[in-house]
Amino acid sequence: MSSEEINKNRKMARQNGIVQPLLTDLYQITMAYAYWKAGKVKDVAVFDLFFRTNPFQGEFTIFAGLEECLKFLENFHYSDSDIQYLMQTLPENIEPEFFVYLKDLTCKDIKLSAIEEGSVVFPRVPLLRVEGPLIVAQLLETTLLTLVNFASLMATNAARYRMVAGKNVSLLEFGLRRAQGPDGGLSASKYAYIGGFDGTSNVLAGKMFNIPVRGTHAHSFVTSFSTLEDIHSVVLRHVDTQEPCNLLELATEWRKRVSAIIDISPEEASDGELAALITYALAFPSGFLALVDTYDVKRSGLLNFCAVALALNDCGYRAVGIRIDSGDLAYLSVLARETFESIAEAFKLPWFAKLTIVASNDINEETILSLNEQGHKIDCFGIGTHLVTCQRQPALGCVYKLVEINGQPRIKLSQDVGKVTIPGHKEAYRLFGADGHALIDLLQRSSEPAPEVGQKVLCRHPFQESKRAYVSPSKVEHLYKVYWKDGRICTMPKPLHEVRERVQSSLRTLRQDIKRNLNPTPYKVAVSDDLYSFIHDLWLQNAPIGELS
């Protein structure tokens with residue numbers, strides 16, 4: 001391993017936080033003891049981590065959380081205090097030698113294969129394949145699930161927002177205050193960025209993950225000012241000449257001139273709001289983006305903002321724009337754009353017509369779709385609660401199932417066919433059609449030869465005998481890479497910005513009807529003819545035979 005890779009690994013390790021072996025369910029440790037006591041220390045297992053249904057009534061999911069899984073494997077070790085706690089917590093009959101065994105456990109004998117992070121994925125196709133000692137692989141279950149479940153759900157939610165917003169609208173994640181605790185908030189910021197958001201209000205996420213941070217000010221900043229006398233400093237030096245400019249005098253004069261254009265009397269506008277905006281502009285003259293709905297967008301906020309923005313222009317600065325946090329967002333955004341365009345024409349300032357309009361206020365997918373239909377003029381959405389809490393579906397439902405033990409396949413049966421597992425050590429391939437789009441994901445036994453371009457392959461529904469089709473792929477993509485083997489990371493996870501790009505490039509491989517918001521077409525996941533027969537033979541071997549009397 002190169003020194004650069006070692007340094008990357010060390011950096012990953014430092015960012016691991018609270019993810020550790022005890023971040024698990026108790027029954028993983030009690031099972032580990034039962035396995036140990038039964039002499040199954042040398043048993044070798046294969047587990048698949050997958051989900052059964054796409055979230056948000058959609059037909060795709062974005063896989064995320066792989067980097068955190070690798071950090072966990074790299075740092076997996078029971079500390080002295082962990083062992084001491086377990087000795088106090090587990091039943092008294094636990095043999096002391098078991099704790100000695102736990103103390104020496106690492107993931108050196110684990111092999112983890114995975115789909116590339118940021119890829120579009122589908123039900124039943126394993127996202128992770130974990131191979132190695134049964135006890136260690138079992139102990140990893142809960143932690144891997146918690147690292148993948150929310151990350152993938154969150155990235156998928158963000159990707160859906162990106163699709164409905166379109167390419168030309170910026171998306172900012174504003175959800176920290178509404179997230180499920182600090183860890184939920186930090187994860188939400190990271191995976192919203194992966195899913196396609198452009199920035200976050202979360203300063204710690206910005207520092208830890210190098211995500212652009214964005215923000216304006218709150219209503220409390222505006223309401224903390226009552227009159228123009230509350231302004232303690234009015235002087236701003238011109239950006240080029242350094243000549244002093246009295247921003248209060250300039251803004252007051254501009255408010256009179258603008259009021260004549262937009263037909264709003266200066267007396268209707270709040271002086272306290274004007275004082276707040278002047279003060280904020282003095283603090284951030286080159287980044288002036290103001291909240292304009294504290295009192296009344298039409299009769300106060302827009303007038304005061306335009307007055308301050310034009311005063312800044314006299315000092316050589318260009319304002320950034322406004323944020324609207326309440327009211328009829330479609331109507332108010334159109335009103336704001338028309339106001340900016342009128343002022344741009346009246347004072348020969350073309351850039352003024354293109355000021356940024358940011359909208360927030362409990363926005364969800366349906367809100368954006370509705371605003372699109374109403375012809376909004378919003379340049380940027382700030383989205384919080386519905387994004388970070390995934391209100392439409394709070395959990396993805398990934399599961400972690402044993403599919404092979406000591407080379408022997410294992411199957412879990414259920415009266416609910418959807419919960420029957422696909423047994424054995426498998427490979428997954430994505431087959432592409434003649435139009436270049438992904439056509440079907442194919443699972444097959446690892447002993448089978450890989451599908452080849454142009455070669456006809458029979459693809460079968462795993463449980464419905466009549467559902468089958470021949471596919472002659474124009475391209476074949478093997479979905480798994482080995483990321484962890486021999487106690488180290490053997491394929492480095494990609495930086496966050498590359499994972500973010502991967503999400504969009506992966507989504508582009510899907511037909512539009514699979515991605516649409518209403519009644520999307522299901523993407524097909526199939527098994528090979530050999531795997532189909534293997535599943536059903538094993539099913540018959542393991543299903544109990546009833547007796548009628």
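User: Which helix holds Leu274?

Analyst: Leu274 lies in helix H12, which covers residues 271-283. Keep in mind that we're looking at a predicted model.

User: Why is Leu274 called buried?

Analyst: Its relative accessible area is 0%. The cut-off for buried is under 20%, so Leu274 counts as buried.

User: And what does Leu274 touch, leaving aside neighbours within four places in sequence?

Analyst: Leu274 is in contact with Leu228, Ala251, Arg255, Asn304 and Val308. As for Leu248, that residue is 26 places away from Leu274 in sequence, and the two C-alpha atoms are 9.0 Å apart in space.

User: Let's go to Ser189. Where is it, and is it buried or exposed?

Analyst: Ser189 lies in helix H8, residues 181-195. Its relative accessibility is 1%. Buried means under 20%, so Ser189 counts as buried.

User: What makes the pair Ser189 and Glu173 a polar contact?

Analyst: Check the distance between the two side chains: 2.7 Å.

User: Which residues does Ser189 contact beyond four places in sequence?

Analyst: Those are Glu173, Thr200, Asn202, Ala205 and Ile211. Two of these names come back in a sheet: Thr200, in strand S7, is the bridge partner of Glu173.

User: How do you know that S6 and S7 pair?

Analyst: Count the bridges. Two of them join S6 (residues 170-173) to S7. Pairing takes at least two bridges, so S6 and S7 qualify, and they run parallel. They belong to an open sheet of six strands with parallel pairing, in the order S7-S6-S13-S12-S11-S10.

User: What makes S7 and S10 the edges?

Analyst: S7 (199-200) and S10 (289-291) each have a single partner strand, so one side of each is left without a neighbour in the sheet.

User: What about Arg430: why is it called buried?

Analyst: Arg430 sits in strand S16, residues 426-432. Its relative accessibility is 3%; with buried set at under 20%, Arg430 counts as buried.

User: What polar partners does the side chain of Arg430 have?

Analyst: The side chain of Asp441 is one, in a polar contact of 2.7 Å. The backbone oxygen of Val120 lies 2.9 Å from a polar atom of the Arg430 side chain. Both Val120 and Asp441 are also on the list of residues that Arg430 touches, and that list includes Phe122, Lys475, Glu477 and Tyr523.

User: How much of the protein chain is buried?

Analyst: Buried residues make up 54% of the 549 residues. The chain has 19 helices and 23 strands, and its C-alpha atoms fill a box of roughly 90 × 55 × 55 Å along the principal axes.

Terms used: Residues are numbered from 1 along each chain as its sequence is written. This is a predicted model: local features need pLDDT of at least 70, side-chain atom pairs count only at pLDDT 80 or more; totals for chains, interfaces and linings use all residues. Side-chain values use heavy atoms; hydrogens and water are left out. Helices (H or I, at least four residues) and strands (E, at least two) are DSSP runs, numbered from the N terminus. Buried means under 20% relative accessible area, exposed over 50%, partly exposed in between (1.4 Å probe, protein chains only). A polar contact is a pair of N or O atoms within 3.5 Å; within protein, one must be able to donate a hydrogen and the other to accept it, and residues adjacent in sequence count only if both atoms are side-chain atoms. Contact means heavy atoms within 4.5 Å.
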